[in-house]
Amino acid sequence: HIDAGKTTTTERILFYTGRTHRMGTVDEGTTVTDWMAQERERGITITAASITCYWRGHQINIIDTPGHIDFTAEVQRSLRVLDGGVVVFDAVNGVEPQSETVWRQADRYQVPRICFVNKMDRVGADFVRTVGMIRERLHANPIAIQWPVGVEADFRGVVDLLEMKAILWVDDLGKEPVVTEIPEEVLEEAQEAREIILERIIETDDALMMRYLEGEEIPAEALRRALRQATLEGKATPVLCGSALRNKGVQPLLDAIVDYLPSPVDIPPITGINPYTQREEVRPPDEDAPLAALVFKIVTDPYVGRLAYFRVYSGRVKAGSMVLNSTKGKKERVGRVLRMFADRREDIQEVYAGDIGATLGLKNTFTGETLCSPQAPIILESITFPEPVISVAIEPKTSADQDKLSDALRRLAEEDPTFQVRIDENTGQTIISGMGELHLEVLVDRMRREFGVRCNVGRPRVAYRETITRSVRAEGRFVRQTGGRGQYGHVWLELEPLPPGSGFVFENRIVGGVIPKEFIPAVEKGIQEAMESGVLAGYPLVDLKAALVDGSYHEVDSSEMAFKVAASMALKEGAQKAGPVLLEPVMKVEVVVPEAYTGDVVGDLNARRAQIERIEPRAGGLQAIDALVPLAEMFGYATDLRSMTRGRGTFTMEFDHYEPVERDVAERILRGERL
């Protein structure tokens with residue numbers, strides 16, 4: 001989550017592993033992984049930075065990811081290529097809304113993880129409550145392998161519950177943790193906590209269970225092995241605590257990364273599809289196997305050009321070698337191969353299975369595409385990204401900026417899959433779409449700084465959608481008889497609504513060849529093109545199934561073009577009869593305000609058509625209000641909230657789902673009024 005301390009924790013890890021010789025801080029803008037100018041000014045992470053360090057003879061590749069939901073693409077792509085994750089929580093706020101989102105994404109990619117409860121030195125820090133929230137809100141099985149020594153300002157170390165030893169940090173730099181006996185004041189709590197986690201770990205391993213029931217004392221090494229296995233299988237999540245800013249708790253976190261998170265050999269071999277046979281194939285994490293790698297990020301570097309980050313799953317990538325981009329079926333030459341340290345880089349000769357690297361010189365390769373050996377082609381599962389929910393019109397200030405603008409937009413869209421650029425057919429404006437106001441603001445700022453483009457930006461607009469509410473049958477006839485060859489296409493479609501989020505489904509129910517096979521793809525294409533602008537207000541049509549049921553053709557005059565036009569006519573006519581409705585993006589919002597302002601804030605949210613889901617107390621006399629609010633009502637909310645709460649309220653917002661707009665609101669939108 002935003003401000004849980006991910007970047008600060010990464011910074012400490014780099015210091016203790018000997019990668020850096022001075023600790024940077026987010027507030028001073030001196031951290032290694034937040035290297036962009038915008039990141040340093042705003043004190044937030046925008047782009048996921050990859051960095052390599054070594055601990056106890058193991059190489060650890062770390063990717064520091066953003067917490068803001070606007071940059072969710074960075075988290076998605078990082079989870080897809082990682083073997084394990086460290087989830088950082090704030091000990092005061094516990095599990096926050098975006099932590100839930102990222103946790104669900106990690107579940108989807110089956111990433112084993114450990115939790116680090118950070119900021120134990122802050123007023124209101126509560127380790128037990130945070131562990132409880134991890135269990136209740138994330139439906140996880142957290143196992144606290146540490147217990148804090150001292151709370152808030154007195155926090156000075158942790159108890160290792162497996163070894164039953166205390167680890168205390170006495171000097172400010174925290175370089176030499178002292179291992180001692182457990183202090184008296186926490187001994188009893190630590191013993192109780194150990195009993196609980198002992199049972200939790202033993203439950204995951206039948207052999208240990210037998211030994212435990214026979215009254216045998218289980219050694220710490222056996223507990224660690226069992227906990228590692230449970231973590232790899234996703235049955236348990238070890239929880240540690242500390243305060244990264246105060247340099248406490250970072251070395252045991254590094255030990256836990258080595259002890260409990262998987263090495264590339266621990267994860268199952270990756271499966272993919274052979275593009276020629278369409279059969280599933282397996283690639284083991286072995287450097288002598290054929291190459292299979294996934295490109296997970298493209299970065300445009302002003303000095304060296306286009307940099308592609310990749311994760312090697314099997315085989316090795318050598319500098320200067322030829323590889324096949326199996327997604328596109330094109331061969332590419334790998335130029336230099338680099339190991340990245342955020343924005344610094346060093347040349348290496350090759351990258352082996354399990355490692356992350358970057359390369360220069362790939363011309364046609366984009367995020368989510370597979371690089372493999374030309375002799376053993378395979379396509380790995382790609383990375384899915386959410387659809388953008390907010391758009392603004394953008395135009396260059398002078399004609400000199402025009403060419404630079406299109407180049408800048410193309411490069412930024414290559415880097416960021418959640419950033420989309422299109423030309424509005426009706427107005428001819430260039431429309432850019434992204435995940436939120438902050439996302440678009442940062443991109444426009446980057447255009448100015450990195451590409452020297454000066455541009456004017458319009459007011460934000462909501463990405464509405466349209467859908468149908470009932471099933472209909474519709475006909476499309478496109479017949480042109482002129483001198484010479486004419487045009488003839490004739491189709492009957494059956495349209496039916498699908499559940500939200502289903503997308504578009506096409507079904508061919510033609511029997512007896514009333515429309516020849518070669519024209520069927522043209523019909524599907526015609527329908528998809530017509531869906532790009534709907535019948536109510538020209539917004540894209542979604543969540544419908546179109547079945548091609550009947551039609552006719554002409555021996556001479558029929559062509560793909562004619563059927564494409566006929567299909568789009570049928571869709572337009574059908575959609576108008578099928579009860580079209582407007583859909584709007586609804587956001588999940590959490591507002592945290594002092595108790596005195598709760599009434600005002602809830603009243604204001606209700607005026608914004610919000611559904612209040614729950615209000616619960618937080619430490620320090622605060623109230624957290626969870627609500628679902630249409631995005632159209634949330635523009636400029638940050639300013640309004642500040643004025644209502646005298647600057648003391650904060651909020652986070654993320655996309656939740658699309659839902660139909662109420663009729664009176666829809667009429668106002670269709671008339672083009674500002675909400």
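Visitor: Where is the place of Phe-155?
Guide: Phe-155 sits in the loop between strand S6 (146–149) and strand S7 (157–160). Keep in mind that this is a predicted model.

Visitor: What makes Phe-155 count as buried?
Guide: Its relative accessibility is 4%, and buried means under 20%. The value falls below that cut-off, so Phe-155 counts as buried.

Visitor: Which residues does Phe-155 touch, leaving out those up to four places away in sequence?
Guide: The list runs Met-120, Asp-121, Pro-148, Val-149, Gly-150, Gly-242, Ser-243 and Lys-248. Val-131 is 24 residues away from Phe-155 in sequence, and the two C-alpha atoms are 17 Å apart in space.

Visitor: Why is Pro-386 called partly exposed?
Guide: Pro-386 has a relative accessible area of 25%. Buried would need under 20% and exposed over 50%, with partly exposed in between. Since 25% lies between those cut-offs, Pro-386 is partly exposed. You'll find Pro-386 in the loop between strand S23 (379–380) and strand S24 (390–396). Setting aside neighbours within four places in sequence, Pro-386 is in contact with Thr-72, Gln-76, Thr-418 and Met-435.

Visitor: Back to S6 and S7: what is the order of the strands in the open sheet of four?
Guide: The order is S6-S7-S8-S9, with antiparallel pairing.

Visitor: Why do S6 and strand S9 (178–180) stand at the edges?
Guide: Each has a single partner strand, so one side of each is left without a neighbour in the sheet. From one strand to the next, the twist averages 25°.

Visitor: How do you know that S6 and S7 pair?
Guide: Two strands pair if there are at least two bridges between them. S6 and S7 have four bridges, in the antiparallel sense, so they qualify as a pair. Trp-147, for one, stands opposite Val-159 in S7. Helix H6 (residues 184–202) lies across S6 and S7, running at about 165° to S6.

Visitor: What makes H8 roughly perpendicular to H9?
Guide: Helix H8 (residues 220–232) and helix H9 (residues 250–260) pack at an angle of about 75°, with their axes 9 Å apart. Angles of 65 to 115 degrees count as roughly perpendicular, which makes H8 roughly perpendicular to H9. On the H8 side the contact is made by Arg-224, Leu-227, Arg-228, Thr-231 and Leu-232, and on the H9 side by Val-258, Asp-259 and Tyr-260. By class, that contact has four nonpolar, one polar and three charged residues.

Visitor: Which order do the strands take in the open sheet of eight?
Guide: That one reads S17-S16-S22-S13-S14-S21-S18-S19, again with antiparallel pairing.

Visitor: What makes strand S17 (330–333) and strand S19 (344–348) edge strands?
Guide: Each of them pairs on one side only. Neighbouring strands of this sheet are turned by 40° against each other on average, direction ignored.

Visitor: How do you know that S18 and S21 pair?
Guide: Strand S18 (residues 337–341) and strand S21 (residues 356–360) have two bridges in the antiparallel sense. The cut-off is at least two, so the pair meets it. The bridge partner of Val-337 is Thr-359 in S21.

Visitor: What is the mean pLDDT of the protein chain?
Guide: It is 87, and 97% of the residues reach 70 or more.

Notes: Residues are numbered from 1 along each chain as its sequence is written. This is a predicted model: local features need pLDDT of at least 70, side-chain atom pairs count only at pLDDT 80 or more; totals for chains, interfaces and linings use all residues. Side-chain values use heavy atoms; hydrogens and water are left out. Axes are lines fitted to C-alpha atoms, for helices over the stretch in contact, and angles run from 0 to 180 degrees between N-to-C directions. Angles under 35 degrees count as roughly parallel, over 145 as roughly antiparallel, 65 to 115 as roughly perpendicular and the rest as oblique. Contact means heavy atoms within 4.5 Å. Ala, Val, Leu, Ile, Met, Phe, Trp, Tyr, Cys and Pro count as nonpolar, Asp, Glu, Lys and Arg as charged, and the others, Gly among them, as polar. Buried means under 20% relative accessible area, exposed over 50%, partly exposed in between (1.4 Å probe, protein chains only). pLDDT is the predictor's confidence in each residue, from 0 to 100.
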